[in-house]
Amino acid sequence: MEQGVQLAAVISLAAAVFVGASTQRISGMGFALVASPFLVMVLGPHEGITLVNLLGACSSLLIFLQVFRDVEYKKVALILIPAMLMTLPGAWVAARVDGPWLSIGISAMVILALVSSFLIRNLPAAQGKGLAIGAGAVSGFMSVTAGVSGPAIAGYAVASRWPQAKFAVSVQLYFLVLSSTSLLAKGGLPHLQLSQWVACFAAMLVGILLGNFLAPKIPAKYSRAFVVLIAFAGALSLMVEGITALAGR
């Protein structure tokens, strides 16, 4: 019976990581959103989120090593520098504001930003550096306060008409740095059995290989729509999490 439970846990971890890694390679984002609910369910909140940070960083690194020649480094720097700077006030706010209310407020702002991105994408300001800096700042703030950094960047990509193929490869450097920073801040690695480690990394590699095969075959408009759906799903799940926490008090 115990062996059956352990096998089910290994299969669940591998399946979640596989889907998350392939999603990350195809659309540029979504590993944490897809994988974290299942990893947290199997391993618990602390171990699960730490594993998400670790595998998210590894996944982004492996993808980045394949596509680094196509990365738009200047554009990434515009969003990454303010994101890193905003982790400091984000940590200060996270320590002082009630978690559920913070989650609800952030999710509402993300949804508003995503909707607004469609309205302003034809304006000249959407192509300026100010929007990039603002999106990076919001993303960095959210990464610390809510563990969600992708939706703000997705909104910027839509508003600035960042080509999906360039976005999908360039944003890997962004997620690599933020995931690594978050992992270092936690100061440790998750405690897994050897079979779980092997299953997770094998599933990640296979998922990325599948993504490599599928990414060129999926039209950009569908990949971009998928990114937006992932961003909205992340914001909505964050809001539901906050509301549920308040209701349970």
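Guide: Gladly! Helices are DSSP runs of H or I with at least four residues, numbered from the N terminus. Please keep in mind that this is a predicted model.

Visitor: Thanks! In which helix is Arg25 found?

Guide: The run to look at covers residues 2-27. Arg25 falls inside that run, and the element is helix 1.

Visitor: Which side chain of opposite charge is nearest to Arg25, and how far away is it?

Guide: Arg25 is buried, yet has no salt bridge. A salt bridge would need a side-chain nitrogen within 4 Å of a carboxyl oxygen. The nearest side chain of opposite charge belongs to Asp70, at 7.6 Å.

Visitor: Which side chain is joined to that of Arg25 by a polar contact?

Guide: Leaving aside neighbours within four places in sequence, Arg25 is in contact with residues including Ile63, Val67, Ile208 and Ala215. Asn212 is also among its contacts. The polar contact between side chains is 2.5 Å, and the partner of Arg25 is Asn212.

Visitor: Let's turn to the rings. How do Tyr156 and Trp162 pair?

Guide: The whole structure holds five aromatic pairs. In this one, the ring centres of Tyr156 and Trp162 are 6.0 Å apart. Planes over 60 degrees apart count as edge-to-face. The planes of Tyr156 and Trp162 are at 70 degrees, so the pair is edge-to-face.

Terms used
Residues are numbered from 1 along each chain as its sequence is written. This is a predicted model: local features need pLDDT of at least 70, side-chain atom pairs count only at pLDDT 80 or more; totals for chains, interfaces and linings use all residues. Side-chain values use heavy atoms; hydrogens and water are left out. Helices (H or I, at least four residues) and strands (E, at least two) are DSSP runs, numbered from the N terminus. Buried means under 20% relative accessible area, exposed over 50%, partly exposed in between (1.4 Å probe, protein chains only). Lys and Arg count as positive and Asp and Glu as negative; His and the chain ends are not counted. A polar contact is a pair of N or O atoms within 3.5 Å; within protein, one must be able to donate a hydrogen and the other to accept it, and residues adjacent in sequence count only if both atoms are side-chain atoms. Contact means heavy atoms within 4.5 Å. Rings of Phe, Tyr and Trp (its six-membered ring) pair if their centres lie within 6.5 Å; planes under 30 degrees apart count as stacked, over 60 as edge-to-face and the rest as tilted.
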